[in-house]
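Let's take a walk through this protein together.

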Amino acid sequence: MSQPTTKDRILDAAEFLFARDGYHFESMRAITSKADANLAAVNYHFGSKDILLEEVLKRHLLPLNAIRQAKLEAVRDEAERRGRTPDPEDVLRAFIVPTVTYCCVDPGAEHFSTLIGRAITEPDNTVRNVFIHHIMPLFQLLFGLLCKSLPDLDADTVFWRLHFSVGSTTHTMRMLGSLDLMPEGMNRDVDIEKLIDDLMLFVSAGVKR
């Protein structure tokens, strides 16, 4: 197996440290130390800490968004072919299943899911703004399809129910990285497929009720 490049080592180190401590609490010196690189290499490959952050997010978001977009478009196209509105569970599944699968199964995504949790829940806007910039076109597609699938609900209601669903998904991904709240004696070897099925039952019921 080939050794990671200097650029990849810097990205890996930044992702780990940003996820662990937060973007503003990590210095370029700490990143270069963990990456076994020098500051000149960071400047050469990225130019600034802000660009480094964006590249950390993009290397996961771009392929993940491509998968989710393809699945959402498939739901839309199938509904149009059949001349009916999309099923809300199909819409949610097209977004949620690839998200949880990627973040829980892909070995390179462990720290990414924690970083996204920080982007959504913490008060600092730096990470959130980069995340929103790259997720907004996909979110608009998701929201539009969900509105079509729930024609009896107004857009405000659909938005907040989608917000609750995304929040449940994000919390689930973060909890998988730290099962400290799980009582003693419970099985910590989580069955991801069953977890996804249970999550889908939960969010689908909440959205459609």
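Start with Asp197: its relative accessible area is 42%, so it counts as partly exposed. Keep in mind that you're looking at a predicted model. You'll find Asp197 in helix H9, which covers residues 192–208.

Now let's turn to the aromatic rings. The count of aromatic pairs comes to seven. Take Tyr102 and Phe112 as one of them: their ring centres sit 6.3 Å apart and their planes make an angle of 85 degrees, so this pair is edge-to-face, since anything over 60 degrees goes by that name. The pair links distant parts of the chain, with Tyr102 in helix H5 (residues 88–105) and Phe112 in helix H6 (residues 110–121), 10 residues apart. Are these two buried or exposed? Tyr102 is buried, with a relative accessible area of 13%, and Phe112 is buried as well, at 1%.

Next up are Phe143 and Phe159. Their ring centres are 6.1 Å apart with planes at 85 degrees, so this pair is edge-to-face too. Phe143 belongs to helix H7 (residues 125–149) and Phe159 to helix H8 (residues 155–176), so the pair ties together parts that are 16 residues apart in sequence. Phe159 has a relative accessibility of 30%, so it counts as partly exposed.

Which rings join up into a cluster? Ring pairs connect Phe139, Phe143, Phe159, Trp160 and Phe164.

Key: Residues are numbered from 1 along each chain as its sequence is written. This is a predicted model: local features need pLDDT of at least 70, side-chain atom pairs count only at pLDDT 80 or more; totals for chains, interfaces and linings use all residues. Side-chain values use heavy atoms; hydrogens and water are left out. Helices (H or I, at least four residues) and strands (E, at least two) are DSSP runs, numbered from the N terminus. Buried means under 20% relative accessible area, exposed over 50%, partly exposed in between (1.4 Å probe, protein chains only). Rings of Phe, Tyr and Trp (its six-membered ring) pair if their centres lie within 6.5 Å; planes under 30 degrees apart count as stacked, over 60 as edge-to-face and the rest as tilted.
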